Amino acid sequence: MSIADLDRQLPEGLEGLADLASDLRWNSMALGERIWQRLDPDAWSRSSNPYLMLQNVSGSVLEAAASDQSLKRELQEWQDRRRGHLDSVSWFSSRYRGLSLVAYFSMEFGLGESLPVYSGGLGILAGDFLKTASDLGVPVVGMGLLYQQGYFRQVIAKDGSQVEAFPYNDPTILPVVPVQDRTGGRLRVKIALPGRELSLRVWLARVGRVGLYLLDSNDPLNSPWDRGVTANLYAPGNEKRLIQEIALGSGGWLALEALGLSPDVCHINEGHAAFVILARAYSFMRQTGLSFQAALWATRGGNVFTAHTPVAAGFDRLDPALVRQYGQAYADLVGIDMEDLLSLGRQPAGGDGGSVTGLALRGSLFANGVSRLHGQVCRRLFSPLYPRWPWPQVPVIHITNGVHVPTWESPQASLLWACTCGESYWASSQEAFSGISEAEDRTIWTLRSLCRQGLVDYVRSRLVRQMVEHCAPPEEIRMAKSVLDPAALTLGFARRFAEYKRPNLLLHDRNRLIRLLSDQSRPVQLVLAGKAHPNDEEGKSMIRELASFASRQDLAGRVVFLEDYDMVLAQRLVAGIDVWINLPRRPMEACGTSGMKVLVNGGLNLSTLDGWWDEAYKPGLGWAVGGDREVGKAGDARDGFALYRLLEEEVIPEFYQRDEDGLPRSWIARIRRSMTTLTPQFSSNRMMQEYLEKLYLPAASAYRRRSADGGRLARELEAWQSRIEAGWSQVRFVHMQVDREGDDWQITALVHLGSLQPEDVKAEVYADPLKEEQPFVKEMDILKSAPREEVSWMYQASVPASRPSHHYTPRLVPYHKEALVPKEEGHILWQR
């Protein structure tokens, strides 16, 4: 992609601006401050869109920039760095084999304000994921939607109320280009809908080595109603939302086929893209002539699903009538009953109706939650899909999210990391981050002071612009120019405002908070930001409450609420905030990555033990609010008290405890431990490595085996499952005996298998976990020499007698060496 697409000639020495503007990997704060802000500070502060800037900047400004030798050197250094990275042997290619391509499907991608197709954490994670894939050279292609309006922009009214605006996303000012088909025409894919076809145009955005393909329905070939399918991120209305999800999943797969891309693995980032499962299975049917069930056995091997919600209410529910309307043609096409199609999307948490989450779980070989605690929550949440299986064995693992360090580091932090860990630490594994531990105390404190000063400067300029746009009185605008103190302890709270996130817990004891913020000897200041969903009245009420609190005259200059929380503001906040506050009600936060982003800049976390902080927290790294038990709303008062106690007794005193050199040595030691220990642990480099080793490589291998020879193994697996389904009702335990032999219990069981063969099943001894341990599971041996009836078999196992014999229970489960049980076959029989 080049600025030549815009018919704009750049002066000699500035040609590289085109590549940087159109490559969404290189949109860090460091690059913005060093190049784009110097080119046109006003345009940069208003848009943060270098692609737009290059379209609109005047020729005289470009000519002046071309004579700025410092700017040209800076640009050349960035070009050389980018080109060197793209041309180098990647981390992935030097370590791994057996993975040709991962197609990463997501409803949103947060890559920067130049491409506003995200709403919050899910999109930011997806954007960080693509950038990390580029850095490490992992073969990934992204698939999403291009929205005409995307998510809303926020304005805070005089009374503190949130007002939503939906500006138009003009593709001509976005860093995307239309994709051409093989004939040189505009690439479109078409989806069959009841009574019509939906045409989807295909666009390409570049993220370093990675391509992101975006589909949009705003095609004159569509009806006016269908053109609006991709008007908004998370379209309102059940029918339009369903079509949007079909467009992402089915349309995305068709686009991959039209592009000649054949991924080993399809990664479904949340359930919205689950329809790719059906499209991929049908594609395999056409290629091989297999039945739908056999094709699903083959393609499921290459599907991976990541869940992001901790509550059943978060599932996208499907109206059965709409599914029948839009799914009947597919059911007829693949030759299955409509009820069988509906059963694929049955609610994962039980109850009537269906959801894309249910389809994603049933259609993927592997599923994961996004933190250790969320993995436990998911196993309980999805246990209705696996009746009679113990919840610890529900087949959902966890891979904790991570953040793309170069996107979230400040220029000052970037320099420190480069000096201590090497220029390309971000393109390596997590071990490359260790050099930060050698940084001197003075260096770390200087970093924090510069980052805080940068935040204060930014808040002042942004607040002034905010007030000018709101026609505030001149006196208020003048005061905005001096808010905050660059030397004061700066607390931050910025996120989506929702009831479970408890932003109003900050106001649990207003008078106590006012005393903290009004202390002249140990000044404390608070920066707030966040959006609420347009339909979340409770969340909007919380915004109004906190925005009104920030406007109190007695707290002028100490509390600021900044409107329109976006990636640009987030980058500034995570750079300059000293203590990042997060107060979700455990276990309602799946992961929460905002607190991870402060780590790279030397910020510290003060959070409830939920999401990622539940596994990250250790004394000396930050602070934990409340305990590790789920107590619901009853714990709100307890946590509010704990928050104030921590601030009064630990956080504030430690920040202001200085030695003879004016340094807070204990605070700096805490920063060093946090940066050294937590930054690599919660970087997206670590996350990507786990996805590769735990999910992608095993999924790619399973898909290749199942799809080889026209799907021979898939046919075998389908036949095996049919035998299990037909014969399971005949299986029963006939007899069990327990004998003590030294330090073991010897458990013997006689099992009637009916029409099934011993190779179709596996007998096991199971015991519930003790404390935090995994369940005890031991396979039983078949006693070949034991006398047996024609269809009965004797099984035996020795288990530790350190537990009472009644702790152990024999069970029978389906078995095939190529099937994942209970993920793909959930029958189970317990000895009673």
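1. Basis. Local features in this predicted model need pLDDT of at least 70 and side-chain atom pairs count only at pLDDT 80 or more, while totals for chains, interfaces and linings use all residues. Residues are numbered from 1 along each chain as its sequence is written, and side-chain values use heavy atoms, with hydrogens and water left out.

2. Main core. A nonpolar core is a set of buried Ala, Val, Leu, Ile, Met, Phe, Trp, Tyr and Cys residues joined through side-chain atoms within 4.5 Å; buried means under 20% relative accessible area (1.4 Å probe, protein chains only). The largest core has 155 residues, of which Leu-115, Phe-292, Tyr-696 and Leu-812 touch the most other members. Helix α27 (residues 684-727) supplies the largest share, 16 residues; helices are DSSP runs of H or I, at least four residues, numbered from the N terminus.

3. Second core. A separate core of 60 residues includes Ile-581, Val-600, Leu-643 and Leu-646.

4. Cysteines. With a disulfide taken as a pair of cysteine sulfur atoms within 2.5 Å, the count is 0. Cys-378 has its nearest cysteine sulfur, that of Cys-591, 12 Å away. Cys-378 counts as buried because its relative accessibility is 0%, and Cys-266 is buried at 0% as well.

5. Asn-303. This residue lies in strand β12 (residues 303-306); strands are DSSP runs of E, at least two residues. Asn-303 is buried, at 1% relative accessible area. Its side chain reaches the backbone oxygen of Thr-299 at 3.4 Å. Leaving out residues up to four places away in sequence, Asn-303 touches (heavy atoms within 4.5 Å) residues including Cys-266, Arg-280 and Phe-366.

Notes. Buried means under 20% relative accessible area, exposed over 50%, partly exposed in between (1.4 Å probe, protein chains only). A polar contact is a pair of N or O atoms within 3.5 Å; within protein, one must be able to donate a hydrogen and the other to accept it, and residues adjacent in sequence count only if both atoms are side-chain atoms.
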